[in-house]
Amino acid sequence: MSDKNLPEESELIQGLLNNNQALFSKVVKAYYPSMYSVAYAIAGPAIADEVVQEAWVSGIRALPKFEGRSKLKSWLIRIVANEAKTRLRKESRSVSLEAVNESWATDPRFDNRGHWNETNSEWDNASPDELLSANELQECFDKHLELLPDNQKQVLNLRDVGGMDMEEICNILEVSSSNARVLLHRARDRMQQMVAHFQRTGQC
């Protein structure tokens, strides 16, 4: 369900405060993909659903205090991000920022916004002779993705999987724009190296 099918913000919030279960179900369906993407990016697939559920519980409890300084969806996504970080801390997997390295800014493969300047041929798996199989590459990709430092994995998931813009990512992860771009560059670079190695050797 799209956000566009929901009532206006004030009506939406009042309906939730009045415990309108039908409306609540619609809101959950509309917001779930975005909330799950954030939970997945920060906490990983194993507990992403739990994080979203916990965020909804926290959100509904805190809704009477919601001041409307942001959209309800943005507010809930912030709650998801906080819940995910709390779960990571509980599991002794706290996220730490790496020192900023501005080498990404001079890398000719990326423009000044961190986007690829052109498609890299090493990512092309159109020829079956170049890769053992798409499934094997996907398994290798997933394996190496899990090996990335948490902060790199989070930015990569939010940007390249979730399709979020950098400003939104910075707000969710509470990092500066320069840090986010460095982390994204490092993550993309490591994953590209993995794909190149796979193509050359057929091994993960």
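## A walk along the helices

Helices here are DSSP runs of H or I with at least four residues, numbered from the N terminus, while strands are runs of E with at least two. The model is predicted, so local features need pLDDT of at least 70 and side-chain atom pairs count only at pLDDT 80 or more, whereas totals for chains, interfaces and linings use all residues. Residues are numbered from 1 along each chain as its sequence is written, and side-chain values use heavy atoms, leaving out hydrogens and water.

Most residues other than glycine have a negative phi. Glu 174 is also exposed, with a relative accessible area of 56%; exposed means over 50%, buried under 20%, and partly exposed in between, using a 1.4 Å probe and protein chains only. Asn 19 has a positive phi too, about 60 degrees, and is likewise not a glycine. You will find Asn 19 in the loop between helix H1 (9–17) and helix H2 (21–43). With 53% relative accessibility, Asn 19 counts as exposed.

Now look at Ile 169, which belongs to helix H7. Is Ile 169 buried or exposed? Its relative accessibility is 0%, so Ile 169 counts as buried. Leaving aside residues up to four places away in sequence, Ile 169 touches Val 155, Leu 158, Arg 159, Met 164 and Glu 174, where contact means heavy atoms within 4.5 Å. Ile 169 and Ala 180 are 11 residues apart along the chain, and their C-alpha atoms are separated by 7.7 Å. Cys 170 counts as buried as well, at 11% relative accessibility.

Next come two other cysteines. Cys 140 and Cys 204 form a disulfide, with their sulfur atoms 2.2 Å apart; the rule asks for a pair of cysteine sulfur atoms within 2.5 Å. Cys 140 lies in helix H5 (residues 134–147) and Cys 204 in the segment after H8, so this pair ties together parts that are 64 residues apart in sequence. The torsion about the S-S bond is about 95 degrees, which means that the disulfide is right-handed. Cys 140 is buried at 2% relative accessibility, whereas Cys 204 is partly exposed, with a relative accessible area of 42%.

Finally, let us see how helices pack. Two packed helices are described by the angle between their axes and the distance between the axes. Axes are lines fitted to C-alpha atoms, for helices over the stretch in contact, and angles run from 0 to 180 degrees between N-to-C directions. H2 and helix H3 (residues 48–62) pack at about 125 degrees, with their axes 8 Å apart. That angle makes H2 oblique to H3: under 35 degrees counts as roughly parallel, over 145 as roughly antiparallel, 65 to 115 as roughly perpendicular, and the rest as oblique. Residues making this contact include Phe 24, Tyr 31 and Met 35 of H2 and Val 51, Trp 56 and Ile 60 of H3.

H2 also packs against helix H4 (residues 72–90), at an angle of about 25 degrees and with the axes 9 Å apart. H2 and H4 are therefore roughly parallel to each other. Among the residues that meet here are Tyr 31, Ser 34 and Met 35 in H2 and Leu 76, Ile 77 and Lys 85 in H4.
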